[in-house]
Amino acid sequence: MRFEDLNVDPRCLRTLHKNNITEPTPVQEQAIPVVLSGGDLIATAQTGTGKTLAFTLPALMRLAELKPGPARMLVLTPTRELAQQVETVMAPIARALRLTSVVVYGGAGMQQQADRLRRGCDVVVATPGRLLDHMGRKAVRFDGLQILCFDEADRMLDMGFLPDIRRILAHLPKERQTLMFSATFAPELQRLVGEMMHDPARIGIEVSARPVDTVRQVVYPVRQEEKAGLLLSLLKEQEKEMESVLVFMRTKSRTDRVGRMLKAANIKAAVIHGDLAQGARQRALESFRSGKCPILVATDVAARGLDIDGISHVINYDIPQTADDYIHRIGRTARAQREGDAITFVCPSDISPLGTIEKTLGYNLPRIEREGAPVVLSTYRKTPAAGASRNRRPRSLLRRR
Ligand code: AMP
């Protein structure tokens, strides 16, 4: 199937082709007709599946057809980085259709955002807290809202945005199209859906999100105090393959500590977490994106939704506590049908989170044994199908064998 077969506006087609986007991904194939028909939609979509384009493309096409007016579409995202990414994906399509957008998020100056909102735009992309501030100061009203979209709705609820979302909803017209994208659908989210959506079409619903097949996943058993040494030796051993590495940490202070440790070892690394000012976060992201710093050390919240091309390796320096976080983290690599490696450090005390992740995946992750490494058990044990793990080994390890 091609975008042409989905009744995509020729002006958008030209823009997509210029960006080498010719065939819709499965979520796009399913979502585009529903959104174009004006119906409500709930989509379970993994990161890296093309979900952003799946809603922005048809929603903007609808806006171009509907009655003009200010703030006709609102996209809510959990983080400022995701808000910026939505805007980046949307901008060329919006330009092609002569629509305008404004992005607002916390941690950046209020005034400039307020001025832009007051000047008027077709689409507002926002994080909930900052949007409420602007609504409170009457910088924007949504009386003419036609399309509301939630991106990574599960993460918004995880981050405690439910009260803010309810407050925003109270100011929106009831008569509108509502779209929701989420990796998972916890009961709390289902309740929200019941309250604010009308007979939504559902696509891609799975019991649990699964990582894409092109991510090779491995586990390195290691003692807590040996993690820094293991990271340094992996970065040295696999320097050539590790072109662009995202290292995930459990806390902000651990993120800073590992960033300092890498710098002390003369390894160029950028650090990103929620306590940094917006400018510092943007600089870190930019130096990673441009390749100036091939390593980015990050917390989950800061890294969630980052769309950075060509991440070759995700390293879980600290194992994530939920299977959902694991899938999101490793979804940062192998995006858009590319290959990638996901390496997870596991300590003997990680028996339970490792078991939760493996149970959700439905298989045990292959262990990379090293001399002197501890034994790390898992609460989940499954005999893999013959050869099931062979192609999940990192490229470099495959080559050496
Ligand atoms: P997303 O899941 O929205 O974060 O998108 C992941 C990446 O896939 C982004 O870099 C998009 O530019 C890219 N992408 C989206 N749709 C397509 C497509 N149909 N063909 C190729 N790449 C795409």
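Reader: Is cysteine 12 buried or exposed, and what is its relative accessible area?

Author: Cysteine 12 is buried, with a relative accessible area of 0%. Here "buried" means under 20% relative accessible area, "exposed" means over 50%, and "partly exposed" is in between, using a 1.4 Å probe and protein chains only. Before we go on, a bit of housekeeping: this is a predicted model, where local features need pLDDT of at least 70 and side-chain atom pairs count only at pLDDT 80 or more, while totals for chains, interfaces and linings use all residues. Residues are numbered from 1 along each chain as its sequence is written, and side-chain values use heavy atoms, with hydrogens and water left out.

Let's stay with the cysteines. A disulfide is a covalent bond between the sulfur atoms of two cysteines. The cut-off used here is a pair of cysteine sulfur atoms within 2.5 Å, and the count of disulfides comes to zero. For cysteine 12, the closest cysteine sulfur belongs to cysteine 149 and is 16 Å away, which is too far for a bond. Cysteine 149 is in no disulfide either, as its nearest cysteine sulfur, in cysteine 121, is 15 Å away. Like cysteine 12, cysteine 149 is buried, with a relative accessible area of 0%.

A nonpolar core is a set of buried Ala, Val, Leu, Ile, Met, Phe, Trp, Tyr and Cys residues joined through side-chain atoms within 4.5 Å. The largest one has 40 residues, and those with the most contacts inside it are Phe3, Leu41, Leu57, Leu60 and Phe181. Helix 3 gives the most to this core, with eight residues. (Helices are DSSP runs of H or I with at least four residues, strands are runs of E with at least two, and both are numbered from the N terminus.) There is also a second, separate core of 36 residues, including Ala71, Leu74, Leu131 and Leu162.

Let's zoom in on leucine 60, which lies in helix 3. At 0% relative accessibility, leucine 60 counts as buried. Contact means heavy atoms within 4.5 Å. Leaving aside its neighbours within four places in sequence, leucine 60 is in contact with Met73, Met90, Ile93, Ala94, Leu97, Leu99 and Val123. Take leucine 99: leucine 60 is 39 residues from it along the chain, yet their C-alpha atoms are separated by 7.9 Å.

Now for charges. Side chains of opposite charge can pair when their charged atoms come close. A salt bridge here is a side-chain nitrogen of Lys or Arg within 4 Å of a carboxyl oxygen of Asp or Glu, and the model has 16 salt bridges. One of them joins arginine 72 and aspartate 122, at 3.0 Å from N to O. Arginine 72 sits in the loop between helix 3 (51-65) and strand 2 (73-76), and aspartate 122 in the loop between helix 5 (110-119) and strand 4 (123-126), so the pair ties together parts 50 residues apart in sequence. Arginine 72 and aspartate 122 are both buried.

Another salt bridge links glutamate 81 with arginine 281, whose closest N and O atoms are 2.8 Å apart. Glutamate 81 is in helix 4 (residues 80-96) and arginine 281 is in helix 12 (residues 278-289), so this pair ties together parts 200 residues apart in sequence. Glutamate 81 and arginine 281 are both buried too.

Finally, the overall layout. The domain assignment, which is automatic or from a database, gives domain 1 (3-205) and domain 2 (215-400). Their C-alpha centres lie 30 Å apart. Two strands pair if DSSP finds at least two bridges between them. Strand 8 (residues 215-221) pairs with strand 13 in the parallel sense over seven bridges, and arginine 216 stands opposite aspartate 341 in strand 13. Strand 12 (residues 313-316) also pairs with strand 13 in the parallel sense, over four bridges, and there valine 314 has alanine 342 as its bridge partner.
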